[in-house]
Amino acid sequence: MPYDESVPPTRRRRSLLAAAAFVAVCLTAAGCGAGDVVGGAQAEPRQGGSGTSAPPPSKTAPAPEKTSASPTPSAKPKPSGPTPRTGGGATGPLSGKTVVIDPGHNPNNHLHTREINRQVDIGTTHKECDTTGTSTNSGYAEAQFTLDVSHRLRTLLQKQGAKVVLTYDNDRAYGPCVDERARIGNEARADAVVSVHADGSAAGNRGFHVILPGPVRGGAADTSKIVEPSRDLGTRIAGLFVRATGSAPSNYVGGNTGLDVRKDLGGLNLSTVPKVFIECGNMRDPKDAALLTSAGWRQKAAQGIADGISSYLNG
């Protein structure tokens, strides 16, 4: 779940025919065409579960397996720690492009509750620096999942020639805070930023969704220049995530479009470059959890995100 996200309201499950129709549209068009659906009168989610603490990572949590990437390229105080990790890519279709990957949360956040509970300015209001994230019922932490997928995603993008920056690489005690995560993307002048997450909703709620920035202006926040390019980035990721993973769009967020618009996330509000979040699945649903804890599926998830980014950057 996003580090400053609330759990959205539960929606009734739609027919699988709706998800199938969504896949067909996404695979035959440059974008999924759902911008008008999600950008209008959809209510803001109620405040809920994302702020709840997850248990520390279990010692029995699945260790990432070594899997080969798909062969188809398709100034507030900062927590102490190294600068963001940067990796240059080889020559390829994404040469000259900069992508920032933001692995949601930090496995050690639960050890630094005072620091991550510090309020930071997100433009329209103040929110916690970060949260612990969620976990599966067996103890596999969201922060472990997001870092693993982010590493796989970095490898795929570098093979296409992109310069890749991670907001952190398990190299700091906690955080970064949400405002710093946005600032890293802005200062890198990223062509695209993707924040990787997994949700913590009720069992029975399944599927992925991509969170797009809504129009926000207040304080340091002004998303007017990034709303449309971020929508393009997000719809491409959603469509190609379906193809790579076989997962259906969320049955509880976004009306089966796989897209959701938010105005309460500091990581989006403070961004000045195209940025989206992706909730890859629901860690609290047993069927989704079985996917999220599979190294093979995580590779597919990284491939789907990489394909979407590549599609967006190649226009």
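## Exercises on aromatic pairs and a buried strand

By the ring-pair rule, under which rings of Phe, Tyr and Trp (its six-membered ring) pair if their centres lie within 6.5 Å, with planes under 30 degrees apart counted as stacked, over 60 as edge-to-face and the rest as tilted, the count comes to two aromatic pairs. The model is predicted, so local features need pLDDT of at least 70 and side-chain atom pairs count only at pLDDT 80 or more, while totals for chains, interfaces and linings use all residues. Residues are numbered from 1 along each chain as its sequence is written, and side-chain values use heavy atoms, with hydrogens and water left out.

**Exercise 1.** Classify the ring pair of Phe 208 and Phe 241, and state where its two members lie.

*Solution.* Start with the geometry: the ring centres of Phe 208 and Phe 241 are 4.8 Å apart and the planes meet at 55 degrees, so the pair is tilted. Next, place the residues, using helices (H or I, at least four residues) and strands (E, at least two) that are DSSP runs numbered from the N terminus. Phe 208 belongs to the loop between β6 and β7 (209–213) and Phe 241 to helix α6 (residues 227–245), so the pair ties together parts that are 33 residues apart in sequence.

**Exercise 2.** Explain why strand β6 is described as largely enclosed, and name the strands with which β6 pairs.

*Solution.* Eight of the eight residues of β6 (residues 192–199) are buried, so the strand is largely enclosed by the rest of the structure. In a regular strand the side chains alternate between the two faces of the sheet. Both faces of β6 are covered, with Ala 192, Val 194, Val 196 and Ala 198 on one side and Val 193, Ser 195, His 197 and Asp 199 on the other. For the partners, two strands pair if DSSP finds at least two bridges between them. Strand β2 (residues 98–103) pairs with β6 in the parallel sense over five bridges, and Asp 102 stands opposite Ser 195 in β6. Strand β11 (residues 275–282) also runs parallel to β6, joined by six bridges.

Conventions: Buried means under 20% relative accessible area, exposed over 50%, partly exposed in between (1.4 Å probe, protein chains only).
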